[in-house]
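Biologist: I would like to learn how to read helix packing, chain contacts and confidence in a model like this one. Could you take me through them one by one?

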2 protein chains.
Amino acid sequence: MGTPQNLFEPVKNRRIFEEVSSRIKELIFDGALKVGDKLPSETQLAQQFGVGRQTIREALRLLESSGFIDVNRRGSAGPVIKDTILKKVSALFLDSFRMKKIDLAQLTLARLEIEKNVLRYVCENITESEIRQLRKNIAQSRQKLAKEIIPTEENIVFHKLLAAASKNQVFVIVVESLMAIVADSLTRIGPDLKTSHNVVAYHDRILQAIVDRDLEKAADLLESHLLEVKSRLQPLESAEDPVA
Amino acid sequence: MGTPQNLFEPVKNRRIFEEVSSRIKELIFDGALKVGDKLPSETQLAQQFGVGRQTIREALRLLESSGFIDVNRRGSAGPVIKDTILKKVSALFLDSFRMKKIDLAQLTLARLEIEKNVLRYVCENITESEIRQLRKNIAQSRQKLAKEIIPTEENIVFHKLLAAASKNQVFVIVVESLMAIVADSLTRIGPDLKTSHNVVAYHDRILQAIVDRDLEKAADLLESHLLEVKSRLQPLESAEDPVA
DNA sequence: TTTGTCTGCTTGTCTGACAACCCGTCTTAA
DNA sequence: TTAAGACGGGTTGTCAGACAAGCAGACAAA
């Protein structure tokens, strides 16, 4: 008590590569560097910033892992400005999950609530073209099923398409992140053709409810659907940690 | 059409530092390395992995920027295992915002929906101790206001405390991320004592509604509260981009 | 037109070097 | 006795130089 703590901010002891990294970041935010633009090669960057190449490399690692650039492999031209921040957010979300900060019950619950919100906006805003996309997605799943292939990817995409149709980027990011965890969990579990048929059937009925603008029905279907997915993934939860 | 495209997956050409980074990550996931443990020094790591120090450094940069380790500055001992993934997620979310992928209207809308969900779980699960924390938070805000200091930090914390009281880590992460954006936006706007009084008053009434287990009232108050915050931040949206 | 080869440049990695810096230890002075 | 100051070993941050692997475009050959 009594002693105020944040009076003296820490003197910023930034490392040079952090400074370089955030300078480049600012250039991107300001629009001076746009997606698709190419950065000079490492040697040139080193000269221009007046630092060593190792410093530049570490700065590039930072930018790369934050989703701002894409470093070409050996040989070809310099780093390219790209925007893959979303993928990086999802990856970190997955890391959180793997650090046991989230369990499947919490995940499903949150997913349910958030996707219900999404559904509301979807029912209000969905366009014909988006409906076509969803229909196409279901058709692709069915084609795979007919060949006895599990359409995992397509089933994940269905939910991402829904999020996109809400026209709210925040939902897109969050759903994308949650689905990354679901996708990861699904790869750990054996494939199951019968369940997949069920999943696709649910997706189809949900889409139908959306087309009918029947929000309540869509939400109910979604709830049953997710609870089923949860019970399917549940065994994973306890089966993990085989470490002594 | 006709030509299948994903038949040949790209030969994975992982760089050594990526390999090193993910090896260490796995050790953390497996529990072989726990939070607080110290990694060997860079030179020792280089020897043990049989690679150069530069490679180790780049691996450490990766781990650092993903929130797995904390590298001590010059001099003191080796890197320490830490878990600051959440902070990194928030930082990336903020980057998304700065890349104009999210605007304030979308943000507020999503925040409203998600915090309403949170409120529902809060009303069901909140404990006495959490109520005390929230009360304390409001009291602190009032103290600052009495000294004519804007309690920005406390006001942000209020919403984080609510999220925590939902007992769902997913909501915690999402709210944390959204509030990082709000906090950042608030620093760009001039302080406003009068508005702050209003904010704290809202928080107080929301807490009261929660204590009364009056979900509907709490949700209504939250909605008005957030819409007010939105209208306060709105000027920022158009005032940006002074670049020609 | 397609295929093979060559050249130059870029990235990935290693090695060696050194200043700045932290921490525990030892010395010294009050 | 104890507290302040000096010392030394170990560590990080950064630089410089080196070289193999690999790509891209030019050019030659089939």
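Biologist: What angle do the axes of helix α5 and helix α7 of chain B make where they cross?

Modeller: Two packed helices are described by the angle between their axes and by the distance between those axes. In this predicted model, helix α5 (residues 104-125) of chain B and helix α7 (residues 152-165) of chain B have axes that come within 8 Å and cross at roughly 60 degrees. Here axes are lines fitted to C-alpha atoms, for helices over the stretch in contact, with angles from 0 to 180 degrees between N-to-C directions, and helices (H or I, at least four residues) are DSSP runs numbered from the N terminus. α5(B) and α7(B) are therefore oblique to each other; angles under 35 degrees count as roughly parallel, over 145 as roughly antiparallel, 65 to 115 as roughly perpendicular and the rest as oblique.

Biologist: Which residues of α5(B) and α7(B) meet?

Modeller: From α5(B) come B:Glu115, B:Val118, B:Val122 and B:Asn125, and they meet B:His159, B:Leu162, B:Ala163 and B:Ala165 of α7(B), where contact requires that the C-beta atoms of two residues, placed from the backbone, lie within 7 Å. By class, the contact of α5(B) with α7(B) has 5 nonpolar, 2 polar and 1 charged residues; Ala, Val, Leu, Ile, Met, Phe, Trp, Tyr, Cys and Pro count as nonpolar, Asp, Glu, Lys and Arg as charged, and the others, Gly among them, as polar.

Biologist: How are helix α6 and helix α9 of chain B packed, and at what angle?

Modeller: Helix α6 (residues 128-146) of chain B packs against helix α9 (residues 193-211) of chain B at about 160 degrees, and their axes are 10 Å apart, so α6(B) and α9(B) are roughly antiparallel to each other. Among the residues of α6(B) that meet α9(B) are B:Ile131, B:Leu134 and B:Ile138, while those on the α9(B) side include B:Val200 and B:Leu207. The contact of α6(B) with α9(B) divides into 7 nonpolar, 4 polar and 3 charged residues.

Biologist: At what angle do helix α6 and helix α7 of chain A pack?

Modeller: Helix α6 (residues 128-146) of chain A and helix α7 (residues 152-165) of chain A pack at about 175 degrees with axes 10 Å apart, which makes α6(A) roughly antiparallel to α7(A). The contact of α6(A) with α7(A) is made up of 5 nonpolar, 5 polar and 3 charged residues.

Biologist: How many residues of chain B are in contact with chain A?

Modeller: In chain B, 39 residues are in contact with 39 residues of chain A. α4(B) gives the most to the side of chain B that touches chain A, with 9 residues, and that side divides into 18 nonpolar, 10 polar and 11 charged residues. Of the interface residues of chain B, 100% are also interface residues in chain A, so the copies meet through the same surface.

Biologist: What rotation superposes chain B on chain A?

Modeller: A rotation of 180 degrees, with 0.1 Å of shift along its axis, superposes chain B on chain A (RMSD 0.1 Å), copies being superposed by least squares on the C-alpha atoms of residues with pLDDT of at least 70 in both. That is the relation of a two-fold axis.

Biologist: Where in chain A does pLDDT stay under 50?

Modeller: Where pLDDT is low, the predicted coordinates should not be read in detail. pLDDT, the predictor's confidence in each residue from 0 to 100, stays under 50 over residues 1-7 of chain A, for which the model has 0 contacts beyond four places in sequence. The mean pLDDT of chain A is 89, and 91% of its residues reach 70 or more.

Biologist: How are residues and chains labelled, and which confidence limits apply?

Modeller: Residues are numbered from 1 along each chain as its sequence is written, and chains are lettered from A and ligands numbered from 1 in the order in which they are written. Because this is a predicted model, local features need pLDDT of at least 70 and side-chain atom pairs count only at pLDDT 80 or more, while totals for chains, interfaces and linings use all residues.

Methods:
Helix = DSSP H or I, 4+ residues; strand = E, 2+ residues; numbered from the N terminus.
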